[in-house]
Amino acid sequence: ASVYRLGAYSAIEAEFASLSGQFSQKLGASAYDAKLANFVNGVNRTEAAIPRWKTAADNQYFTSTTNFDTWGLPGSTGFDYKVFQRSDIDWQMVRTSGAKQGRDLTNAEAAARFGIGPILPDGSIATLHHSQQNAMGPLFEASTRYHRIANAQRAPLHPFGAAQHPDFPLGRGPGSLRDAFQKVDSLQYWKNRGQQELPK
């Protein structure tokens, strides 16, 4: 967890690391499977001897969760994801950096129109992270400050390093789940999120 102790803002990322790392810390990354995702939802459907893990209600920064169902979206993965959402996004901040098509728009407008992740208080960009590299999720609104290729070998974000989840891999290249996620799921998620945050 020392990777995340980089100043006051890192408290948010430390919480993300703690939540994301619970799976490998309690059972070992190789034991993770789809049923264990229920712990994030506060639903214990596995052995009673395994303690209930933290939920959004226990957190300071990832204070809400939502379901994002991609079933029916052409070209999508078809998965119904649980998503941990950040509380530190200023949706009305006008963007002066990042993707050109999003500049001079608010975070909410850029997300709603183009599916662009919002710019965070430290200037990094929000991006969706698959917990424990599991294609089925849950997902976290992570930060490019930590969720980048330089961290590909580091737990708890990527416990399998350059390898893939043994049971639910994202795959690589055209036609893979990763490809569908990046081209369809992620864009639609941020469009939905931005639409919800537009002034009424």
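**Close-up 1. Bridge pairing of β3 with β4 in the predicted model.** A126 has S143 as its bridge partner in β4. The two strands, β3 and β4 (residues 139-143), run antiparallel to each other and are joined over five bridges.

**Close-up 2. The open, four-stranded sheet.** Strand order across the sheet is β1-β2-β4-β3, and the pairing is mixed. At the edges lie β1 (64-69) and β3 (126-130), each of which pairs on one side only. On average, neighbouring strands of the sheet are turned by 35° against each other, direction ignored.

**Close-up 3. Helix α4 on the sheet.** Helix α4, residues 177-197, packs on the sheet and touches β1, β2 (80-85), β3 and β4. The direction of α4 makes about 125° with that of β3.

**Close-up 4. Packing of helix α3 with α4.** Helix α3 covers residues 107-114. The axes of α3 and α4 are 7 Å apart, and the helices pack at an angle of about 135°. The crossing of α3 past α4 is left-handed.

**Close-up 5. Residues in the contact of α3 with α4.** From α3, the residues taking part are A108, A111, A112, R113 and F114. They meet L187, W190, K191, G194, Q195 and E197 of α4. Sorted by class, this contact has six nonpolar, two polar and three charged residues.

Terms used:
Residues numbered from 1 in each chain as written. Predicted model: local features only at pLDDT ≥ 70, side-chain atom pairs only at ≥ 80, totals over all residues. Heavy atoms only, no water. Pairing = 2+ DSSP bridges. Axes fitted to C-alpha atoms, helices over the stretch in contact; angles between N-to-C directions. Contact = heavy atoms within 4.5 Å. Left-handed = near helix turned anticlockwise from the far one by under 90°. Nonpolar A, V, L, I, M, F, W, Y, C, P; charged D, E, K, R; others polar.
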